[in-house]
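Colleague: I'd like to go through this one with you, one question at a time. Could you put it up on the screen?

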Amino acid sequence: MDVKGYAAKSASSLLEPFDFKRREVGPDDVQIEILWSGVCHSDIHSARNEWGGAVYPLVPGHEIVGRVTRVGKNVKAFKEGHFAGVGCFVDSCRTCLSCEQGEENYCDRGFTATYNSVDKDGKTTYGGYSTAIVVDQKYTLHVPQNLDLKAVAPLLCAGITTYSPLRHWKVGKGHRLGVVGLGGLGHMAVKFGAAFGAQVTVLSTSRSKEADARRLGATDFIVTKEQKELTEAAGSFDFLLNTVSAPHDLNGLMNLLKRDGTMIIVGVPPDSTQIHAFNFIMKRRSLGGSLIGGIRETQEMLNYCGENDIVSDVETIAMKDINTAYERMLRADVRYRFVIDAATI
Ligand code: NAP
Ligand code: ZN
Ligand code: ZN
């Protein structure tokens, strides 16, 4: 089928219109007319080849919601006209232990990413900055029908990427949680952390985000550029969820953890940073990381959001404004997720 989209043609070029083809619906496939597509910072890292491995043309986008327009003959759970979602991956090996346990995001053979990956037919996958997508039903999500659809799109990556580690580390009542970086991931971490009962502090480079942080559910706010504020907060957090997209000092952040505290990394700056051993040994602290979430947990998260009325704070944009949106994200000027109106493609 013919699809319209937007692609990066090289690491240094702006995104531009790109027409391409997707496979016809197979017996297990769901065809979705894309309505809204969230803009994740990973899209920028990928389009600009900041992590390596980019194959061009590259059509980003892995926060997809839309309307089912066709289903294969084996598909029972999705019907034409229903809303459906697609996140960061569209397939995995289905046989390794992680896949069997519903943690396809940690597939031993590597999942098939929604874009810039090789699908089982040997073709490059293209993401959600496009008018339609065809996905195996096992990797398609049900979207709560009671929520604002455009504000649901970011849940497919920013939502699950913050929900999953908070659940894994059982963050909740009695914990002090610090969310580092108030962007797309960060603002969802604040919402989930507060919903799970933790006392949430936002650690931000932007003083101007304080009122928003409190509105989103934080009770405290620290400006990380102010050494005095960091010194006062030393040894006070059970958990830090680090969502920062650019290289930054991790030593000062580790020092904010209590004895046995854990910093969970979800942000993936292109360059690595060193942490001194003292920051671990002095208070038996840990450093962990987490990659999106599996299909089962993503559905659980979407259902939780439906039941608790949780969505992303979004600013909708037309497809042609994507390059400006990237520039604004690089200036940490997004409140708090751009979502592309796919009707403008
Ligand atoms: P985003 O919306 O651009 O937010 C990133 C935030 O980081 C900014 O709003 C800013 O917050 C802070 N920041 C930016 N530059 C900084 C710097 N130099 N020093 C300190 N703080 C800085 O990005 P996002 O979409 O939330 O993604 C965040 C990161 O997570 C990206 O690296 C992305 O690739 C990664 N990611 C990982 C996963 C995963 O599975 N682990 C999934 C999705 C995305 P303040 O203004 O508050 O300082
Ligand atoms: Zn993402
Ligand atoms: Zn697997």
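Colleague: How are the donor residues of the zinc ion (ligand 3) spaced in sequence?

Modeller: First, some ground rules: this is a predicted model, where local features need pLDDT of at least 70, side-chain atom pairs count only at pLDDT 80 or more, and totals for chains, interfaces and linings use all residues. Residues are numbered from 1 along each chain as written, chains are lettered from A and ligands numbered from 1 in written order, and side-chain values use heavy atoms, leaving out hydrogens and water. Donors are N, O and S atoms within 2.8 Å of the metal (3.2 Å for Na, K and Ca), and water is not among the atoms, so sites may look incomplete. Here the SG atoms of Cys 93, Cys 96, Cys 99 and Cys 107 coordinate the ion at 2.3 to 2.4 Å, and their spacing reads C-x2-C-x2-C-x7-C.

Colleague: What arrangement do the 4 donor atoms around the zinc ion (ligand 3) make?

Modeller: Look at the angles. Four donors count as tetrahedral if all angles lie between 85 and 135 degrees. The 4 donor atoms here subtend 104 to 119°, so the arrangement is tetrahedral.

Colleague: Is Cys 96 buried or exposed?

Modeller: Buried means under 20% relative accessible area, exposed over 50%, and partly exposed in between (1.4 Å probe, protein chains only). Cys 93, at 21%, counts as partly exposed. Cys 96 has a relative accessible area of 5%, so Cys 96 is buried.

Colleague: Which residues coordinate the zinc ion (ligand 2)?

Modeller: Their spacing along the chain is C-x21-H-x94-C. His 62 sits in the loop between helix H1 (41–47) and strand E4 (64–71), and Cys 157 in the loop between helix H3 (149–152) and helix H4 (158–168), so this pair ties together parts 95 residues apart in sequence. Helices (H or I, at least four residues) and strands (E, at least two) are DSSP runs, numbered from the N terminus. With distances of 2.0 to 2.2 Å, the coordinating residues are Cys 40 (SG), His 62 (NE2) and Cys 157 (SG).

Colleague: Which helix gives the most to the shell around ligand 1?

Modeller: H1 and helix H5 (184–195) each supply at least two residues of that shell. With 3 residues, the one giving the most is H1.

Colleague: How far is a polar side-chain atom of Lys 209 from an oxygen atom of ligand 1?

Modeller: Think of oxygen partners here. His 41 has a polar side-chain atom 2.6 Å from an oxygen atom of ligand 1. For Lys 209, that distance is 2.7 Å.

Note on methods
A polar contact is a pair of N or O atoms within 3.5 Å; within protein, one must be able to donate a hydrogen and the other to accept it, and residues adjacent in sequence count only if both atoms are side-chain atoms. Four donors count as tetrahedral if all angles lie between 85 and 135 degrees; four count as square planar and six as octahedral if opposite donors are over 155 degrees apart and all others between 65 and 115; anything else is irregular.
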